Amino acid sequence: MIAHGVGGRQDLPIPFSLAVTGAAAALVVSFLVLRMAWRQPRFRGDQSGRPLPLAVSRAADSSWTRWALRLLGLVAAAYVTWGAVAGPDLATNPTAGVVYVLLWIGIVPLSLLFGPFWRLVNPLRTLHLLLCRAIRLDPAVGMRTLPAGVGLWPAAAGLAAFTWLELVAPDRATLPVIRAWFAMFVAVMLLGAVVFGSRWFDHADPFEAYSSLVARLSWLGRRSDGRLVARNPLENLDGAPVRPGLTATVAVLLGSTMFDSASASPWWDRWVQESGAPATLAGTVGLLAAVSVVYLTFTFAVRWVAALAGSDRRGLSELFAHSVVPIVVGYVIAHYLTLFVLEGQRTLVLLSDPLGTGANWLGTAELTENRWIAGQPTLVASIQVGAIVVGHVLGIVAAHDRAVRLFPLARPDCQLPLLVVMVFYTVGGLLLLFAA
Amino acid sequence: MPTTRPGRHTAALATFAVMLVLTACGADDGQGDTAATHTPTTTAPSAPPDTPDASATPQASVREIEVVIVDGTVDTAEDSVEVAVGEAVRVTVTSDVDDEVHVHGVDQTAELSAGLPTTLEFSLAEPGVYEVETHEGGLLLFQLLVQ
């Protein structure tokens, strides 16, 4: 369970019939795509989209807007940090809710709505920028250039470190643990930025990486000529930059969510208790295993696809990894929807009183939480299965289009290994919703 | 066939998938019944219970759950107990060490004294899965499936 201590109730297991139907739907649609979908690539990535009015584009890109957003991020971060440092370490402290619910889960809906917003509000990016301004240095220029093959690998490591904090670390909902993690995180981010320039954040900031990836499923995008456009999320996804470490990044995101729901089940607890292994060790091994399974199955499947298509190109998995993003988003909606709605509201209430003095600084202390969703298990189960299946379908379609672009001469059947692996992720997700 | 746009293809596929899923939902309405047909199971605790035996009283709607903790090992009849929303639940925990038992997600906590059975009585108003656990030992005793 997320950060044991944030959130008490969990969703009921989905009914078996729903799990089976979801799996069947995923399977049927997968084969329909393979057999009947287009054989010429359709998605044009960053070339695509209908331009938003020029005024909107200009307003969004104006330095006023940019500085307003930076200021917002900085003030919000300062406020939360203050509560984390000066507030009491009680369940009423908003810090854990802010970190694990508002930030970590909230990144997904906000990025779907507004695109890669975390780059724009990232308080560490702003701190680095202000620091460079103060000593009259160009923030983009560091002491060294980042080696070319680095790609998203540091971000994947950062995401693994964060999900470890969220799902495994002992006492992870308490302030000393959260403070210690973020102290190290801030140090690594700022030192990296000093050494490599502000590009370090593009490569290493886990929250930016997550936000930018999910934003590839947004309706909002930026065309190659810089204009803001409204576009089909699948076209948007197709434009996701191919970088080393992309596969690892999506593997961490998917594997950690799988591990979260597996480790919330009674059989996991029972197994850990009976094995006698320390919970932290078992959790670390479990998390690494889940991420490794996703990484290895995906890279293996892509290699197999390439072999069937008669290609010996290396690093192909990075060219297909974008297709896992919709699956990740489907999992996140399925696993965290009710937690986000319920705990998100609770956190908003707590945020008004970070020091536990009975204050109401944000005017949210008196809000009554709307717990309607907690009483709707059938609706929630349908949304969960729907999200997983739709994520699967979008993933299959994205992978299909990429395959016919990369291997125009190969038979569509060459995609079969990738399709099987995606069905495996989807059925796994449904199984976890059913059994956990 | 190549005249259709990819967006329409995908939308059709997604709609199809969603329809399949929704059809299944409609067919499954009898979730709540499973809890009612379930007979309450009671295991004999290894320590003699100090609390009065509730099975003698005619109040059958109280769900009895007994847990015994010895050497950090949990002994209970079921890992997952299904109860109805609002159904009274009576949990009796006997631990060989001092601890605290806690229903995660609701304000239900009781002190455990070594060797003495402690009873916690409550009902849950919202459907969901709730973990019952010990604080010091960090043991999961069982899950309550409230539906």
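Okay, so in chain A, 83% of the contacts with a separation of 6 or more are between residues 24 or more positions apart; a contact here means two C-beta atoms, placed from the backbone, within 7 Å. Before I go on: this is a predicted model, where local features need pLDDT of at least 70, side-chain atom pairs count only at pLDDT 80 or more, and totals for chains, interfaces and linings use all residues. Residues are numbered from 1 along each chain as its sequence is written, with chains lettered from A and ligands numbered from 1 in the order in which they are written.

Chain A, then. It has 19 helices and 3 strands; those are DSSP runs, H or I of at least four residues for helices, E of at least two for strands, numbered from the N terminus. Of its 436 residues, 50% are buried, meaning 20 or more other C-beta atoms, placed from the backbone, lie within 10 Å of the residue's own. The C-alpha trace spans about 65 × 55 × 40 Å along its principal axes.

Let's pick one residue. A:Ala251 sits in helix α13, residues 246-263. Is A:Ala251 buried or exposed? Buried, because 27 other C-beta atoms lie within 10 Å. Beyond its neighbours within four places in sequence, A:Ala251 contacts A:Val291, A:Val294, A:Tyr295 and A:Phe298.

Buried residues are 29% of the 147 in chain B. And for contacts between residues at least 6 apart in chain B, 63% join residues at least 24 apart.

Definitions and conventions:
Buried ≥ 20, exposed ≤ 12 C-beta atoms within 10 Å, placed from the backbone.
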